[in-house]
Amino acid sequence: MHFELAGKKTRILALAVTVFILIFIIANRSLYLDPALELAHGQALFIASLAGGIGAGLLILIKPSVDEKYKMLANTLHFFLEPILTIQMVECFNGNFVWNYSVSTFVANYMIYLVFFLIFYLITGRYHMTGLIINISLYVWSLLNYFVEAFRGSPLVPMDFLSAKTGLSVSDGYTYELSCFIILGSLVFFLTYLYNKKSVSMQPKTLKNKILVKVFTAGYLAVVLSLFFMTDLTTNNGFKPDFWNQARGYHNTGSFFNFCLNTKYLIVRKPSGYEADAIRASIDSALQENGVDPDGDTSVNLLTGNNDYTPSADGKRPNIIYIMNESLADLGLLGDLETNEDYMPFMRSLKENTIKGYLSMPVFGAGTSNSEFEALSGNSISFLPAGCNVYQSYIKREIPSIVSTLKHLGYSATAFHPYYGAGWNRENVYPLIGFEDYVSIEDFIDHDILDTYIENNDVNEYEDLLKERYPDRNMLLRRFVSDDYDFQMVEDMYENRDPSKPFFVFNVTMQNHGGYAVSYRNFYQQIQALNMTGIYPKANRYLSLVKESDLAFKNLISYFSEVEEPTIICMFGDHLPSLENEFFEELLGSSLDDLTTEQEQMRYKTPFLIWANYDIPEAEVDTISANYLSTLLLQTAGLPMTDYNKYLASVYQTLPVIDTVGHIDAEGTYYASSDDTPYEDLLNQYNCIEYNALLDKTGREHSVFYLDGKQ
């Protein structure tokens, strides 16, 4: 092989491209000095970017050529080297270099990338076209993954594509900023494009060679795909998704590689030993082990641990208001956080006729509908594929829930969410969960205003239009319906209820939704963190929003304190917000990549309260996960429960927390989801019962999940 310089015009182009890239990088050198980066890492990225600019010029300038008899070999070698550049392009968005990987990690990544190169080579028959398709696609994927992780704190997983519509509907609240990772990734993409341009497709000339090429390609694909996705070989060698911390897994062993590994877990397989006919017996056996008569009315009391819960003898049916508050969290739970004033004084002050504590949620930073699924159904998404969204993928028919239980007891059943009704597929899922009515933002704001806002994305114009059309309403805080207005609507729903039925509403709020980087003219920031060494504007804005939620909740409680009908209000947060990683690390005193199981569990805890305007037991419950909340709510209301709820009350006595991080037993021992534990049989039993409720299309044991034994 020998090299020659390109013509004069191309040389001028090469010089111009190099100068432009170098000037652009130097002009944005401050991005490489981001406090979030270690100085040495930022400097390395800066030098790599400068080298990339020079490399781009050289690739334009130099024209390689090879003797005719070596062309086939040279271009084939060129093709098999290109995936290495592609891997580096993708990993630039993670701030990684391929030489930082272990040999086994690099080889595993290369094998997966080569799968895609060979698939498209089989389709196109051309080296250059294959490289072009793969690299453009993965560049777009890398950008998407980068912004998804920046917005919500966790990377892109396969199931996200099923919820893309919902993600787009809220993405305009986030800020899109240039970073050194975007610069370097885009630069390596350009280098890969220039490298790919040098390739020349060399077709085998004889039938024998054509057959050999296809056999080799098909054989490689069959072997690699079988090893990775149909055996446990990769898992046994440490290559599996980091279900505990997907971001860490993406960073440590390759982002697109981990994305592909996650696809292995998309299909929900039947649990070990699953038999639909055995579900009734499993429930009965579990209840008897806890001293509960399967045919009786009693069950284990979640608050006392004794078999002393019975439905209220007087048949009282209190009104129930079930509120999932968007991103409501007590950040002080994570560490020593000092603020200029308390951000949730009212919630902390509630004691009389109040059960409160902290609820372990299944998601962090995003995934609201998975949290509400657990709180409504009693099921746990820890038994489902990592990164899945239950509403998008698995609810295709009616499923049992607290809604179906309350409807059987004569309650009304309304779902209320002051945002777009199609989000998370709710408009299709809510009727299947049992809701009779669904009130979304389209039901109380005229469509022309919403259409204008969607088209222009101008918050100030949106607010002005609302004030002009509805002068007596103050709806927004930032760009979302405030908790205060949301709760006023709940009060209006109560006042306009069907008085012949006890009132039940499930309300998913919107005020505290992510997008904390921007200030708004209608939002006054009250709270400041005082004892942090870093400056965290997102965290301060978020804490100020929590203060507004606390005040709104105070007003709601004040209203129902004056209501004569017995009423219970349960409110909980769906997940922690996605804020500055450095803020969480400073609070926790540890890198997010090095958290203990206990520390990671803390990042999934949100506050919950159950309050009543009549006498109920007072208690503090600091160890409970969302799948048990509907059972606790039914017991607090003194209502009859399904056998599934009775089963959950029994399981709670052994494993009070079961979530996507792992589980916590009654003795306070923490287990990560990847740990071997003494509770595998119990977890498998729970998994089988949940599979029967959610996924078994023909064998559901209705007597377990419905009060009347029927769907």
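With which residue does Lys467 form a salt bridge? Select Lys467 together with Glu463: these two form the salt bridge, and their closest N and O atoms are 3.8 Å apart. A salt bridge here is a side-chain nitrogen of Lys or Arg within 4 Å of a carboxyl oxygen of Asp or Glu.

This is a predicted model, in which local features need pLDDT of at least 70 and side-chain atom pairs count only at pLDDT 80 or more, while totals for chains, interfaces and linings use all residues. Residues are numbered from 1 along each chain as its sequence is written, and side-chain values use heavy atoms, with hydrogens and water left out.

Helices (H or I, at least four residues) and strands (E, at least two) are DSSP runs, numbered from the N terminus. Lys467 is partly exposed at a relative accessible area of 46%, whereas Glu463 is buried at 6%. Buried means under 20% relative accessible area, exposed over 50%, and partly exposed in between (1.4 Å probe, protein chains only).

Next, select Asp446 and Arg469, whose side chains meet in a salt bridge (2.7 Å, N to O). Asp446 lies in the loop between S6 and helix H18 (447-456) and Arg469 in helix H19 (residues 459-469), so the pair ties together parts that are 23 residues apart in sequence. Asp446 is partly exposed, with 34% relative accessibility; Arg469 is likewise partly exposed, with 37%.

Now display the strands. Two strands pair if DSSP finds at least two bridges between them.

Select S11 (residues 605-612): eight of its eight residues are buried. Lys605, Pro607, Leu609 and Trp611 point one way from S11, and Thr606, Phe608, Ile610 and Ala612 point the other way. On one pairing, strand S4 (residues 354-360) joins S11 in the antiparallel sense over seven bridges, and Thr354 has Trp611 as its bridge partner. Strand S10 (residues 567-573) also runs antiparallel to S11, joined by five bridges; Ile568 has Ala612 as its bridge partner there.

Move to strand S5 (residues 414-417), which runs parallel to strand S9 (residues 504-508) with three bridges between them. Thr414 is partnered by Val505 of S9.

**Helix H24**

Select residues 629-636. Eight of the eight residues of helix H24 are buried, so this helix is largely enclosed by the rest of the structure. Ser630 lies in H24 and is buried at 2% relative accessibility. Which residues does Ser630 touch, not counting residues up to four places away in sequence? Ser630 touches Tyr322, Ala375, Leu376, Gly378, Ile402 and Asn645, where contact means heavy atoms within 4.5 Å. Just after H24, Gly638 takes a positive phi of about 70°.

**A buried pair**

Finally, select Glu600 and Arg603, whose side chains meet in a salt bridge (3.4 Å, N to O). Glu600 is buried at a relative accessible area of 1%, and Arg603 is buried at 6%.
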